[in-house]
Amino acid sequence: KKVLLPKVFGTYLLDKLTCNDDLDLFVMCSSAITLTGKISGLAYTTANTYLDAFSDYRKALGKNVLCIDWASWQETGMIKNTKINENKEIFEMLKPQIGVVAFKKLIFSKSHKVIVGKLNTKSQTFELKNYLPFSFDEEVLNVKEKGEGGETSNISVGDVILTGNDDGNYTSTQQAIGNIWK
């Protein structure tokens, strides 16, 4: 009850209390834990999965909604004084300043459900490939960031597809600038 009630009943209640209002946005903060679940956090996973499903419900009704599934934030919230084994985490720990920027950007997006986090491609979790309840395109798992040698990736940034370079390769700076116009 301690974990489920605030998210499940709170969301339901806010929706009922605002059902006749023309809201610009109904924002819910969920967790990326909904991708895999966690035995020791069953109530937490369930509560956040409810938020994900509720965002689909509101969208189907034609109502404005945004559900953000956050990766764990560094040094804040529930994990502030907890030792985290990052080798088992699908996402790297999210820096608070990155989370704030993402939130500001997302409230102006047309998305109704997003996951915010940087994939931890070194995670042992990916060794379970065929047993995970989701899959990633190999191109996503093999993204290279610009390194000291200047190598670049050839991957689009969200819905933005960069064009113009004959070889199709773009630096992370070019990708970031392209993403601003998304």
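Begin by selecting Lys113 and Asp56, whose side chains meet in a salt bridge at 2.9 Å, N to O; a salt bridge here is a side-chain nitrogen of Lys or Arg within 4 Å of a carboxyl oxygen of Asp or Glu. Because Lys113 lies in strand β3 and Asp56 in helix α2, the pair ties together parts that are 57 residues apart in sequence. Helices (H or I, at least four residues) and strands (E, at least two) are DSSP runs, numbered from the N terminus.

Before going on, note that this is a predicted model, in which local features need pLDDT of at least 70 and side-chain atom pairs count only at pLDDT 80 or more, while totals for chains, interfaces and linings use all residues. Residues are numbered from 1 along each chain as its sequence is written, and side-chain values use heavy atoms, with hydrogens and water left out.

Are the two partners buried or exposed, or partly exposed? Lys113, at 33% relative accessibility, counts as partly exposed, and Asp56, at 34%, also counts as partly exposed; buried means under 20% relative accessible area, exposed over 50%, and partly exposed in between (1.4 Å probe, protein chains only).

Next, select His112, which lies in the loop between α3 (96-106) and β3 (113-116). Its side chain makes a polar contact with the side chain of Asp56 at 2.8 Å; a polar contact is a pair of N or O atoms within 3.5 Å, where, within protein, one must be able to donate a hydrogen and the other to accept it, and residues adjacent in sequence count only if both atoms are side-chain atoms. His112 counts as buried because its relative accessibility is 19%.

Strand β2 (residues 66-70) pairs with β3 in the parallel sense over four bridges, two strands being paired if DSSP finds at least two bridges between them. Within this pairing, Lys113 in β3 is the bridge partner of Cys67.

Finally, select Arg58 and Asp15, which form a salt bridge whose closest N and O atoms are 2.4 Å apart. Here too distant parts of the chain are linked, with Arg58 in helix α2 (residues 42-60) and Asp15 in helix α1, 43 residues apart. Arg58 is buried, with a relative accessible area of 4%, and Asp15, at 4% relative accessibility, counts as buried as well. A search of the whole structure finds two salt bridges.
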